[in-house]
Amino acid sequence: MVNVALPKGRLGEKVYDLFERAGYSCDEMHDKGRKLIFENMEKGIRYFWVKPSDVPVYVERGVADLGIAGKDVLLERHPDVYELLDLALGKCRMCVAAKADFFDDGEKTLKVATEFVNIASEYYARQGRDIDIIKLHGSVELAPKLGLSDVIVDIVETGTSLRENNLVITDEILPISARLIANKANFKFKTKEIEDIVNLMRKQVKEND
């Protein structure tokens, strides 16, 4: 059996749709109950729903052979996994945003509010910029408005939340999308099974473009 950790929510449902169209269906997945583990013995695949941020943990620890995680999670946590395929789902951007009238003169320490500490730190380190990271776990748009930070580093999908809080994008760090990842050790033992899945998934991704 190939074990697949799917992220709960809309993204996970879209990803399962790709698996289903690739030929790895599991009828029970459409039941709206509390069950979290589903398997199709004939297809040799088992799915389980987990919290999105926990997917890399299940994969890195080998409980799941495959999983789906956002590129932001992979860059922030650096799990020791293989990144096999960009699924082109959950597309958004990691951006720097600030109040429209903010000007960075580059002389004082820049106060950066973010949930993505490593991504922000690495981004500004490449610029040689002196920063003060303020880790927040939500509503980061409030930080510049209330004077807690000069800028924020956050995921931007539509930009609506930024506009509602009178913030503008000042820099785009990188594009984000869902990636298919694999446990390194398990990949060696299930190479053919996993490569078959990846190849069929790749066809579905191309058809979606």
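These legends accompany close-up views of a predicted model. Local features need pLDDT of at least 70 and side-chain atom pairs count only at pLDDT 80 or more, while totals for chains, interfaces and linings use all residues. Residues are numbered from 1 along each chain as its sequence is written, and side-chain values use heavy atoms, with hydrogens and water left out.

**View A. Strand S1 is mostly covered.** Here we look at residues 2–7, a strand being a DSSP run of E with at least two residues, numbered from the N terminus. Six of the six S1 residues are buried (under 20% relative accessible area, 1.4 Å probe, protein chains only). Val2, Val4 and Leu6 point one way, and Asn3, Ala5 and Pro7 the other. In a regular strand, side chains alternate between the two faces of the sheet.

**View B. S1 pairs with S3 in the parallel sense.** Pairing requires at least two DSSP bridges between two strands; S1 and S3 (residues 45–50) have six. Look for Pro7, which stands opposite Val50 in S3.

**View C. S1 also pairs with S4 in the parallel sense.** Two bridges join S1 to S4 (residues 66–70). Val4 stands opposite Leu66 in S4.

**View D. The largest pocket is lined by 28 residues.** On a 1 Å grid over the protein atoms alone, a pocket is an open set of points where a 1.4 Å probe fits, with protein on both sides within 12 Å along at least five of seven lines; lining residues have an atom within 4 Å of a point. Leu11, Pro52, Gly70, Asp72 and Ile155 lie nearest the pocket's centre.

Methods: Buried means under 20% relative accessible area, exposed over 50%, partly exposed in between (1.4 Å probe, protein chains only). Helices (H or I, at least four residues) and strands (E, at least two) are DSSP runs, numbered from the N terminus.
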